[in-house]
Amino acid sequence: GGGGVDPARKERLRTALVKKLLSKYHPGIADSKTERLVNSEVDRLMSMTKVTEDDLHAVENKVRRQSNDEIAFIVTNPFKNVTSFKSGAADEWAAMNDMVVRAGFEADSRKSLQVLKGKQEFKRLLDEQISEAEARKSKEKREKEEESQRVLGDVKAYVAAMDKKKKDQYILFDKIRKDREEEMQQTRTRHETALKAKREEEAEESRLRQREQQKEFERLQQKKKTDADKMRKWKLENERNLAEKERLRQVQHKEDLDFSRKAQKALDDAEARRLEDLRILNEKMKAKEKYGEILGASNAAHEAEDEARMVKIQNEAKRKAESQYKERLQREHQKKIEVRQTLDKQVMEQEQRKKEEKEAMLRQSDMFKKQAAEAMAEDKRKLQRRRDAQEEYRMQLEDQLRHDVKLRPARELMMSEVGRKMIKSFVPPPIESQFCIVPGKGDGG
């Protein structure tokens, strides 16, 4: 709606919407509340500035409820109550009788005027014609009454047939509903059985998974225990190796000290022998000063050479001892580094295993959550599908009832086709042909 919409286009839209709603929800009776509601609701929509899809659905649901009420009234009440209360159909037999009576009255009036204007010699012939006309009227009236009785019998037979059809439809609908309920019960039973089997299968899978996790946990514990045993054995073996190395080093150090002592003793013995030789030579060379000086110089050179050799041996022994001490410190430091690296590796491996176990438990938890969410979503989808099916089934029943009411033939609400043809073809005879004397036809010939 809106101020800028073409009035002709707006009227076409209104007509199309009214036609669409009436074609779908009209109960099939004249001047129905559904028709009036459709017109009023469509007028209200046309007056709105903006019409949404929710507004259209609300109007359609309102019209459907009103149509369902009228359909229920038509289906659950006798035909005569419906026609008298809702249809607005006219009693055309009474109208036809009234029209015949009026025609008779007019004929009588004209006849009286003609009689007053006629002459006395035409009175006998006029009375005969009146008698013939009354006999003809009586005959027509009897024929009409017989036809009315036949039509009434046809209407009663049709009403009885329709009542029987309704009963059969009620029985059929009840059977369909029972079959539907039985099918839904079977479906529900199958669903419960499948759900129970699925739950049992999931429980079995959960138990298997728990057993596998328990086995994995026991395997990890056994592995940890094995690793701890290996670590303890390696530590003991390493300690034994270190103790053996330390013993060997002590033995080597002792041998080196013994060698140093032996070397020092050998040097001391050589020095003593040298001093003894010098003393002997000094005693022998006292007489010869020159020879003594030469010999003293030679002895000093030997002494200096021996002293340098002894210092060199001592320095080498000191360097060897310092090198062995540094090697021992290096071995101990390397041992500490290896032990620290081994411990760090074990700690890292343990942290990695803990992390992997935590990730596996998180993945398992996510999988369980996902399975639970999928199961809940599937249950919701099945419930919604069941609700949609029930809603669709209910709407099909409503449409079927509405269609059945619309298919009622016209003689339920109006007179028969024979009666309509009689009224359409009824033409009152001219007054002159009924009451005037025609020369040569005084005796009905």
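## Ground rules

Two residues are in contact when heavy atoms of theirs lie within 4.5 Å. This is a predicted model, where local features need pLDDT of at least 70 and side-chain atom pairs count only at pLDDT 80 or more, while totals for chains, interfaces and linings use all residues. Residues are numbered from 1 along each chain as its sequence is written, and side-chain values use heavy atoms, with hydrogens and water left out.

## The whole chain

The protein has nine helices and zero strands, going by DSSP runs numbered from the N terminus (H or I, at least four residues, for helices; E, at least two, for strands). Buried residues come to 17% of the 445 in the protein; buried means under 20% relative accessible area, exposed over 50%, and partly exposed in between, using a 1.4 Å probe and protein chains only.

Take the contacts between residues at least 6 apart in sequence: 83% of them join residues at least 24 apart. The accessible surface is about 33,700 Å², and carbon and sulfur atoms own 55% of that. Those areas come from the Shrake-Rupley method with a 1.4 Å probe, and for residues only the protein chains shown count as cover.

## H1 against H2

Helix H1 covers residues 7–25, and helix H2 covers residues 33–47. The two pack at about 145 degrees with axes 10 Å apart. Axes here are lines fitted to C-alpha atoms, for helices over the stretch in contact, and angles run from 0 to 180 degrees between N-to-C directions.

On the H1 side, the contact includes Leu17, Leu21 and Tyr25, and on the H2 side Val38, Val42 and Leu45 are among the residues involved. By class, it has nine nonpolar, two polar and four charged residues. Ala, Val, Leu, Ile, Met, Phe, Trp, Tyr, Cys and Pro count as nonpolar, Asp, Glu, Lys and Arg as charged, and the others, Gly among them, as polar.

Buried positions in H3 include Val59, Val63, Ile71 and Val75, along with Arg64 and Glu70.

The axes of H1 and H3 come within 10 Å and cross at roughly 35 degrees, again right-handed. Leu21, Lys24 and Tyr25 of H1 meet Val59, Glu60, Val63, Arg64 and Ser67 of H3. That makes four nonpolar, one polar and three charged residues.

## Two residues of H2

Glutamate 41 lies in H2 and counts as buried because its relative accessibility is 5%. Leaving aside neighbours within four places in sequence, glutamate 41 touches Val59 and Lys62.

Leucine 45, also found in H2, is buried at a relative accessible area of 2%. With neighbours within four places set aside, leucine 45 is in contact with Leu17, Val51, Asp55, Leu56 and Val59.

Definitions and conventions. A crossing is left-handed if the near helix is turned anticlockwise from the far one by less than a right angle, and right-handed if clockwise.
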